[in-house]
Amino acid sequence: MSRFLSGSNLRARTLQPADELWDRRLGVRTFGYHPADGAHDSGQWRAHYIPSSYRDVFRVLRAANLSKDDIVTDLGCGLGRVVFAASWLGARRAVGVELIPWLAEAAERNRRESRLAGRDIRIVTGDAAAHSLGDTTLLYMFHAFGEGVLSRVIEGAAADRERAALGAPAPLPPLRIAYVNPVHEVVLQRSGWMRRVAELPPARQWFSNADHYATAIWESTP
Ligand SMILES: C[S@@+](CC[C@H](N)C(=O)[O-])C[C@H]1O[C@@H](n2cnc3c(N)ncnc32)[C@H](O)[C@@H]1O
C-alpha cells in the first residue's frame with residue numbers, strides 16, 4: 001500500500017482515489033499545488049494551482065458537447081489534467097496554457113510520458129491573455145485569473161477569431177466557453193458577442209474531498 005501511494009501529494013491522492021486512478025490510467029501526475037498571487041479583488045489576481053476532479057472535468061466537457069472536431073484550450077492548465085481529460089474524450093487537439101514555468105514544464109513531461117503521447121496535445125508556457133484563440137472551439141477556464149486578465153482574454157479572442165475568419169474557406173464554428181466557478185462572468189455578459197447557453201450546478205460529493213463548483217457555458221453569437 002505504501003508503495004502504491006509513494007511520492008508527493010499523499011493526502012490529496014489518498015482522499016481523491018478516483019483521481020489517483022485516472023492519473024495512473026492516463027500515465028500522468030497531476031496532483032500538485034502552487035500558491036496564488038495578488039489580492040483576489042484585483043484585476044491581476046492569479047489563482048493557486050489545484051486540479052479539478054476528473055469526474056467534474058468529464059461532466060463539464062460533456063455538457064459543453066465536446067466532439068472529435070473540437071480544439072479544446074484550457075487557460076491556466078496547471079499540470080494538465082483538463083487537457084488530458086479532453087484528449088481522452090476524443091478532442092481533435094487539446095491545448096494547455098500555463099503561466100508558472102515549473103507547472104508548464106511538469107505538464108509537458110506528463111504529455112511526453114502519458115499514454116496519450118501520440119495524440120495532438122500541446123502545452124504552452126505563457127500568459128493566457130497573450131495566447132491566440134483563433135482556432136479554439138471549446139475554451140475551458142477554472143476561475144484562474146482576475147477580471148483584468150479575463151477581459152484581455154475575451155477581447156483577444158474576438159480579434160483572433162476575426163483574423164481567422166478572414167482566411168477561412170467557411171464560417172468559423174462557434175466558440176463555446178466552459179467557465180468553472182464563473183466569478184467574473186460579467187466580462188462575458190458585456191462582451192456583446194457571447195450568450196449564456198447553460199448552467200451546471202456543482203457536482204455532488206462522491207468518495208472524494210475535492211471541491212466542486214457551478215459552471216456556466218457560453219457560446220458565441222453568429
Ligand atoms: C485553479 S488552477 C486550474 C487548473 C486546471 N485548469 C484544472 O482545472 O485542473 C488555475 C491555474 O491557472 C494558472 N494561471 C493563473 N493565471 C494565469 C495566466 N494569466 N496565464 C496562464 N495561467 C494562469 C495558475 O498558475 C493555475 O495553475
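In the predicted model, Arg-161 is in contact with a set of residues beyond its neighbours within four places in sequence: Leu-133, Gly-134, Thr-136, Leu-172, Pro-173, Pro-174, Leu-175, Trp-193 and Ser-220. Arg-161 itself belongs to helix 6, which covers residues 147-166. Its relative accessibility is 12%, and Arg-161 is therefore classed as buried, the cut-off for this class being under 20%.

One of the contacting residues, Pro-173, also takes part in a polar pairing with Arg-161: a polar atom of the Arg-161 side chain lies 3.1 Å from the backbone oxygen of Pro-173.

Across the whole structure, the search returned 1 cavity of 30 Å³ or more. The largest cavity holds about 70 Å³ of space. Its lining is formed by Gln-16, Pro-17, Ala-18, Asp-19, Ser-53, Arg-55, Trp-206, Phe-207, Ser-208, Ala-210 and His-212. Helix 2, spanning residues 17-26, supplies the largest share of this lining, with 3 residues. Sorted by class, the residues lining the largest cavity comprise 5 nonpolar, 4 polar and 2 charged.

Definitions and conventions: Residues numbered from 1 in each chain as written. Predicted model: local features only at pLDDT ≥ 70, side-chain atom pairs only at ≥ 80, totals over all residues. Heavy atoms only, no water. Helix = DSSP H or I, 4+ residues; strand = E, 2+ residues; numbered from the N terminus. Buried < 20%, exposed > 50% of the residue type's maximum accessible area, 1.4 Å probe, protein only. Contact = heavy atoms within 4.5 Å. Polar contact = N/O pair within 3.5 Å; in protein donor to acceptor, adjacent residues only side chain to side chain. 1 Å grid on protein atoms, 1.4 Å probe; cavity = no way out; pocket = protein on both sides within 12 Å on 5 of 7 lines; lining within 4 Å. Points joined across faces, edges and corners; volume = space filled by probe spheres on them. Nonpolar A, V, L, I, M, F, W, Y, C, P; charged D, E, K, R; others polar.
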